[in-house]
Amino acid sequence: LLNRGTGSNMGAADILEIFSIYGQQSTSSIEKSRAMIQFNIEDFGNLPENSSYYLKLFNCPHGETNPIHFTLSIHPISSSWVEGTGLDMNSYVDEGVSNWIKRDNDTSWNVEGGDVLNIASSQYFDKGTENLEVNVTSIVESWRSGTYSNNGFMVKLADALENSLIQSYYTKKFFSRSSEYFVKRPVLE
């Protein structure tokens with residue numbers, strides 16, 4: 001590794017990948033990957049007051065190292081972004097937006113890695129092979145009420161884990177919306 005993959009995009013991949021790998025490029029580097037997901041909540045129509053909403057992502061088994069004993073946090077994204085068409089999850093050579101630096105062709109994120117609101121839901125993973133099922137009612141209600149724009153969710157390692165200079169949290173994978181396994185695609189229920 002000579003360069004970080006900050007310009008890489010995996011928007012068309014059939015897997016969502018989340019990790020933090022310490023010391024791969026240099027002895028002090030941290031390589032990170034986050035997932036962004038957006039649903040059209042207008043498709044929900046008029047739902048009863050006091051509805052609850054859950055984000056569900058389904059574990060994708062793989063032969064690489066799974067992280068264990070970690071927490072993923074789910075934040076609403078505060079800026080619009082372009083999904084992109086990258087597929088390469090091995091060499092990260094598919095460049096384009098959105099990526100670590102840019103949210104669209106002309107605009108950088110305010111904070112590298114993506115702009116999020118300070119609202120979060122989270123889930124702890126013991127074995128690393130669990131599905132994600134998180135109550136995101138407060139986030140969805142803020143979109144439905146017009147308090148915030150629906151720019152989707154960011155799923156990432158909790159800050160302390162993502163920025164660890166002690167330990168790597170290798171690859172947690174979930175099926176994406178382009179997965180051939182229809183019933184394993186992300187759901188906002």
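Entry 1. I began with arginine 177, which counts as exposed at 57% relative accessibility. The model I am reading is a predicted one. The cut-off for exposed is over 50% relative accessible area.

Entry 2. I then looked up the salt-bridge partner of arginine 177 and found glutamate 83, with the closest N and O atoms 2.5 Å apart. Glutamate 83 has a relative accessible area of 32% and is partly exposed.

Entry 3. How many salt bridges does a search of the whole structure find? I noted six.

Entry 4. In one of them, the side chains of glutamate 162 and arginine 34 meet, at 2.5 Å from N to O. I located glutamate 162 in helix α2 (residues 159-162) and arginine 34 in the loop between β2 and β3 (35-37), so this pair ties together parts that are 128 residues apart in sequence. Both glutamate 162 and arginine 34 are buried. I also recorded that Arg34 and Glu162 belong to a network of salt bridges that includes Lys156 and Asp159.

Entry 5. The other pair is glutamate 189 and lysine 56, whose side chains meet in a salt bridge of 2.9 Å, N to O. Here too distant parts of the chain are linked: lysine 56 lies in strand β4 (residues 54-57) and glutamate 189 in the segment after β10 (187-188), 133 residues apart.

Entry 6. I turned next to the strands. Three of them form an open sheet in the order β2-β1-β9, with antiparallel pairing. β2 (30-33) and β9 (169-175) stand at the edges with a single partner strand each, so one side of each is left without a neighbour in the sheet. Neighbouring strands of this sheet are turned by 10° against each other on average, direction ignored.

Entry 7. I examined the pairing of β1 with β9 in detail. Strand β1 (residues 15-22) runs antiparallel to β9 and is joined to β9 by five bridges. Which residue of β9 is the bridge partner of isoleucine 15? I identified phenylalanine 175. As background to this entry, strands of a sheet pair through backbone hydrogen bonds, either parallel or antiparallel.

Terms used: Residues are numbered from 1 along each chain as its sequence is written. This is a predicted model: local features need pLDDT of at least 70, side-chain atom pairs count only at pLDDT 80 or more; totals for chains, interfaces and linings use all residues. Side-chain values use heavy atoms; hydrogens and water are left out. Two strands pair if DSSP finds at least two bridges between them. Helices (H or I, at least four residues) and strands (E, at least two) are DSSP runs, numbered from the N terminus. Axes are lines fitted to C-alpha atoms, for helices over the stretch in contact, and angles run from 0 to 180 degrees between N-to-C directions. A salt bridge is a side-chain nitrogen of Lys or Arg within 4 Å of a carboxyl oxygen of Asp or Glu. Buried means under 20% relative accessible area, exposed over 50%, partly exposed in between (1.4 Å probe, protein chains only).
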